[in-house]
Amino acid sequence: MNGSNLSRPICGEVDLDGRLLRADDALLRLNRRAGGVDGGLLAVPAIAKIIKLSLNLQMKLSRAVRVADTDEYLELWIEVYPTPHIAKVSIVGWRALPVSKKKDLLSSTTSSRFENEMIFDQKVRLINAKGITAHGLVSSDFGKSGADVLSNVFENGETLSSLIDAMSVGAIFKNTPFKRLFDGLTIDVSGQPIMDDQQVIAGYRLRFEALCEPTLPAVNTVGSDVAGNLFGKNLAPVLRQPLGRIIANAETIGAELQGPIRENYALYARDIANAARHLSALVDDLGDLEAVERSDFQTARDTIELGDVARRVAGLLALKAADHRIKITTPTDITNVVAIAEFRRTLQILLNLVNNAIRYSSDGTTVIIETATIDGYAVVTVSDEGKGISVDDREKVFQKFERLGRSGDGGSGLGLYISRRLARAMGGELMVTESEGGGAKFVLRLPNS
């Protein structure tokens with residue numbers, strides 16, 4: 001199973017306690033390799049987290065997740081369909097990614113800069129780190145929560161939250177990839193509960209391994225390329241680490257995981273988390289801006305089905321749309337509009353278009369995604385019921401940092417500029433016109449051969 005799309009989904013069922021009740025062979029084998037047992041708790045944290053969220057919200061969710069298997073990374077596309085008693089999970093995308101050779105941290109040339117084991121008690125508080133405090137990664141004040149300790153080590157707030165959830169329920173997992181900015185290494189984490197004599201969880205042990213990053217050949221750059229690389233290579237990583245810590249800590253406070261606090265303080269914490277997410281998104285936009293403006297920027301030529309991409313986008317933005325009572329309609333499964341374009345970049349464009357449609361539409365309206373083949377091109381459109389964009393402004397919206405006078409809307413003014421550059425890099429075009437309901441209608445045209 002090396003393709004990004006499966007001929008048949010890999011399915012399973014998980015109960016409210018997180019037990020894998022039934023699963024196709026591929027999912028069963030993945031769960032066993034992660035340390036799980038048949039009929040026991042689902043042992044793949046990234047999958048377990050989205051299932052738990054879907055069950056709590058009683059809402060269908062779709063996500064792309066990456067897990068580390070025995071000798072490779074897997075990029076999976078997960079769809080979860082909740083019922084009051086179980087969640088039905090469907091893996092519709094399964095792609096194997098190459099992974100470089102591992103080195104145990106103790107034998108790594110940088111092992112003195114890391115610690116390869118942490119011990120936590122049953123409440124996920126740090127009780128032992130075998131000298132990690134000497135290297136400045138955590139303070140010597142043991143007893144801190146795992147969320148606080150690990151936020152100082154790893155940048156990815158979402159994956160960190162998944163790890164803490166797994167530790168809280170005693171799930172066994174192997175080779176969960178974390179990106180550690182320190183020395184640019186990728187860190188794999190394996191976790192296992194510590195059991196007492198009565199087979200009750202008494203604590204948790206984390207083991208760390210470093211992956212050797214391949215050395216990329218130098219690229220000769222001139223002119224604006226040199227200036228563009230400055231942000232992505234040097235500034236973006238420095239910004240993402242503290243922002244990730246701010247988000248993780250603010251979410252912990254806002255969710256009152258450390259105990260109840262005054263309601264206005266919880267709201268302040270959520271505002272802080274939202275502001276940090278905005279800054280993190282801006283960092284991502286600036287990184288994409290650097291990429292698309294490079295003279296040697298290229299995209300992959302994948303064979304993709306635009307209806308499938310549209311449904312994935314709707315799943316990713318389902319929560320945001322539901323917050324505003326906005327309905328997203330997508331093409332049916334019987335549609336088959338094939339395009340030759342990079343899947344990830346096409347998904348990025350549609351996410352931006354649908355996210356904008358939700359942001360600028362009134363509550364209770366509908367966002368419509370449609371696909372078709374027109375004049376030899378594969379076309380996907382995103383229409384909303386908002387105020388629309390005047391004829392005079394329809395080219396202006398694609399300019400860099402242009403927001404048509406809107407301020408405080410959470411946007412950077414780069415999304416549409418980057419999206420059009422991506423569309424053109426794939427041999428297509430991105431345009432805007434008026435929808436039948438008077439709102440905006442964005443048209444993405446891509447080659448189909």
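## A partly exposed isoleucine and its patch

I261 counts as partly exposed because its relative accessibility is 33%; the class lies between buried, under 20% relative accessible area, and exposed, over 50%, with a 1.4 Å probe and protein chains only. The residue sits in the loop that joins α5 (224-254) to α6 (263-292). Helices here are DSSP runs of H or I with at least four residues, strands are runs of E with at least two, and both are numbered from the N terminus.

Together with I253, Y265 and Y268, I261 makes a nonpolar surface patch of about 390 Å². Patches take residues with over 30% relative accessible area and no salt bridge, joining like charges within 9 Å and nonpolar side chains (Val, Leu, Ile, Met, Phe, Trp, Tyr) within 5 Å. A salt bridge is a side-chain nitrogen of Lys or Arg within 4 Å of a carboxyl oxygen of Asp or Glu. Areas come from the Shrake-Rupley method with a 1.4 Å probe, and for residues only the protein chains shown count as cover.

## The model and the whole chain

This is a predicted model, in which local features need pLDDT of at least 70 and side-chain atom pairs count only at pLDDT 80 or more, while totals for chains, interfaces and linings use all residues. Residues are numbered from 1 along each chain as its sequence is written, and side-chain values use heavy atoms, with hydrogens and water left out.

The protein chain has ten helices and 18 strands. It holds 449 residues, of which 47% count as buried. The chain exposes about 22,500 Å², and carbon and sulfur atoms supply 51% of that area. Contact means heavy atoms within 4.5 Å. Of the contacts between residues at least 6 apart in sequence, 59% join residues at least 24 apart.

## The antiparallel sheet

Two strands pair if DSSP finds at least two bridges between them.

Ten antiparallel bridges link β4 (residues 73-82) with β5 (residues 86-97). L74 has A96 in β5 as its bridge partner.

β13 and β15 pair in the parallel sense over three bridges, and I328 stands opposite V367 in β15. The pairing of β15 with β16 is antiparallel over seven bridges, and here A372 has V379 in β16 as its bridge partner. β17 and β18 (residues 440-447) are also paired in the antiparallel sense, over six bridges; M431 is partnered by V443 in β18.

Is S419 buried or exposed? S419 is buried, since its relative accessible area is 3%. Leaving out residues up to four places away in sequence, S419 touches I349, N352 and L430.

## Two loop residues with positive phi

Most residues other than glycine have a negative phi. R325 has a positive phi, near 55°. R325 lies in the loop between α8 (318-323) and β13, and is exposed, with a relative accessible area of 59%.

D375 also has a positive phi, near 50°. D375 is in the turn of the hairpin formed by β15 and β16, which have two residues between them. At 74% relative accessibility, D375 counts as exposed.
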